[in-house]
Amino acid sequence: DTSGGAMFELKADPRVLYVKDETVLTEETDLKVEGVKVAFPAAAESVGSLTVGAGAVVTVNGQFTVKRSVVVEKGGKIIWNKPGNVGGNLIVLDGGVITHDNVVGNGVGTVEANKINLNVGGSVFIAKGGKADAKGKGFTRNGYKMSGGLAWEHTQYPEKAISSAHGGRGSGTKLPYGSIFSPTNFGSTATYDNSVYHSLNPAEADFGGGSILIAATQMMVIDGIVDAGGSERNFDGASSSGGSIYLKAGAICGAGEILSCGCNVAVNQNAGAGGRISLVNEKSHVNLFKGKVLAAAGKREENTVFEYYRYSSAGTVYMQYGKISGNGELIIDADRWNRKDNPSFMTDLTPTVACDREEKKALKHTRVIVKNGGRLMGSEDTTIKDLLLQSDHAYVTIKAGATLRILSFEHPLGESAAQV
């Protein structure tokens with residue numbers, strides 16, 4: 001459907017349609033794509049509505065505005081790499097996918113060039129069977145940007161496989177980075193023997209999780225899957241961390257899955273750390289989402305032969321109610337794949353790398369919940385609204401010299417224990 005005067009040009013690959021630079025696409029163009037690939041150039045474009053049908057792949061490489069709604073039907077895929085605006089609704093039906101490309105071939109891999117970054121004027125609907133997919137779309141080449149942020153300081157196990165950090169600590173010395181309240185960073189990949197992973201081929205490389213940032217004026221219904229986890233390809237015994245999911249709407253509801261977990265590994269390998277998830281309900285003061293929200297470290301098969309191999313830490317899940325930053329719950333959930341006796345498995349209350357001081361101040365409005373094997377580390381003076389250890393094997397450790405202030409009436413911490 002090329003109403004509104006839109007024209008397309010066939011390039012060398014007969015299966016791909018490229019929009020000409022001189023193509024006239026207007027806000028009155030209702031564009032439907034079926035059975036072919038369409039690539040929009042880097043120049044800014046706008047259309048009235050967009051429907052991606054069966055067998056179609058639409059790639060957006062520049063600023064893109066849709067005046068009305070975007071619908072991704074069964075068998076359709078939209079690769080939305082650059083910031084975009086949708087005036088109406090964003091709808092991903094059963095079998096539809098919205099994703100972004102990997103970033104490859106960019107030197108040391110420090111540029112977060114491609115992200116799903118959308119402002120939606122209406123509502124967002126991801127149906128059961130639909131997917132917003134940034135799994136394994138983040139950093140490669142050992143997550144060179146920040147995987148712990150300390151320039152590959154392998155002081156503890158320099159000869160062993162080191163998994164990546166993000167929302168939680170990686171194995172060895174890898175420290176967390178990024179924002180609790182408004183995460184945007186990619187997850188990182190792993191290193192082995194201080195080497196830089198040689199492959200930039202997405203079919204071979206171990207990529208961290210990508211980034212999904214969607215803000216809707218009205219509501220967001222997620223019955224499908226939103227996933228920014230690390231890839232399932234581990235590198236020489238170590239693996240990648242989860243990326244970022246930052247969703248904002250009047251209310252977020254549904255019964256799907258929102259995931260930013262580290263990569264799973266086999267026996268005696270290092271699972272990647274969890275990423276970061278932030279769900280902001282600007283007009284709702286209760287949690288209406290009934291599905292699964294998890295940013296745990298990757299799982300590994302259990303074996304005690306090689307003690308120098310380590311797990312990684314759970315990432316962070318933040319749920320905000322209202323418009324005040326920090327007014328909500330910060331959840332550290334290890335999904336019962338953590339061990340209380342290893343300090344490498346802790347999730348820092350304040351990110352160790354590039355921590356925003358204003359974000360630290362906002363924690364005074366935040367109730368912190370630790371559960372399912374999660375272990376929270378207070379490494380510096382911090383104030384929070386409240387603290388609850390919601391299940392057995394949940395721990396809080398306060399580093400010597402640090403103070404954790406809790407702005408609530410005295411009450412039992414919960415089923416587990418705190419220690420200094």
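Guide: Let us start with a pair of residues, E112 and K115, both of which are buried, meaning under 20% relative accessible area, where exposed is over 50% and partly exposed in between, with a 1.4 Å probe and protein chains only. Before going on, note that this is a predicted model, in which local features need pLDDT of at least 70 and side-chain atom pairs count only at pLDDT 80 or more, while totals for chains, interfaces and linings use all residues. Residues are numbered from 1 along each chain as its sequence is written, and side-chain values use heavy atoms, with hydrogens and water left out.

Visitor: What do E112 and K115 form, and how far apart are the closest N and O atoms?

Guide: E112 and K115 form a salt bridge, with 2.9 Å between the closest N and O atoms; the term stands for a side-chain nitrogen of Lys or Arg within 4 Å of a carboxyl oxygen of Asp or Glu. Side chains of opposite charge can pair in this way when their charged atoms come close.

Visitor: How many salt bridges are there in the whole structure?

Guide: A search of the whole structure gives seven. One of them joins E358 to K361, where the closest N and O atoms are 3.4 Å apart. Both residues belong to helix α1 (residues 357-362) and sit three residues apart, about one turn of the helix, and both are exposed. Helices (H or I, at least four residues) and strands (E, at least two) are DSSP runs, numbered from the N terminus.

Visitor: And what does K360 pair with?

Guide: K360 forms a salt bridge with E380, and the closest N and O atoms are 2.9 Å apart. That pair links distant parts of the chain, 20 residues apart, since K360 is in helix α1 and E380 is in the loop between β32 (375-378) and β33 (382-384).

Visitor: Is K360 buried or exposed?

Guide: K360 is buried, because its relative accessible area is 19%, whereas E380, at 27%, counts as partly exposed.

Visitor: Changing topic, in what order do the eight strands of the open sheet run?

Guide: The order is β3-β6-β9-β12-β15-β20-β23-β26, with parallel pairing; two strands pair if DSSP finds at least two bridges between them. At the edges stand β3 (30-33) and β26 (288-289), each with a single partner strand, so one side of each has no neighbour in the sheet.

Visitor: Which strand does β3 pair with, and over how many bridges?

Guide: β3 pairs with strand β6 (residues 49-52) in the parallel sense, over four bridges, and within β6 the bridge partner of D30 is S49.

Visitor: How many bridges join β9 and β12?

Guide: Three bridges join strand β9 (residues 70-72) to strand β12 (residues 90-92), again in the parallel sense, and V72 has V92 in β12 as its bridge partner.

Visitor: Where is S123, and what does it touch?

Guide: S123 is in the loop between β14 (116-120) and β15 (124-126), and it counts as buried because its relative accessible area is 4%. Leaving out residues up to four places away in sequence, S123 touches G88, N89, L90, Q218 and M219, where contact means heavy atoms within 4.5 Å.

Visitor: Last topic: what is the volume of the largest pocket, and which residues lie nearest its centre?

Guide: The largest pocket holds about 230 Å³ of space, and of the 17 residues that line it, L259, C261, G262, N264 and L294 lie nearest its centre. A pocket here is an open set of points on a 1 Å grid over the protein atoms alone where a 1.4 Å probe fits, with protein on both sides within 12 Å along at least five of seven lines, and lining residues have an atom within 4 Å of a point. Volume is the space filled by probe spheres set on the points, which are joined across faces, edges and corners.

Visitor: And what is the volume of the second largest pocket?

Guide: The second largest pocket has about 190 Å³, and the residues closest to its centre, out of 13 in the lining, are N287, V293, M319, I331 and K371. Strand β29 gives the largest share of that lining, three residues.
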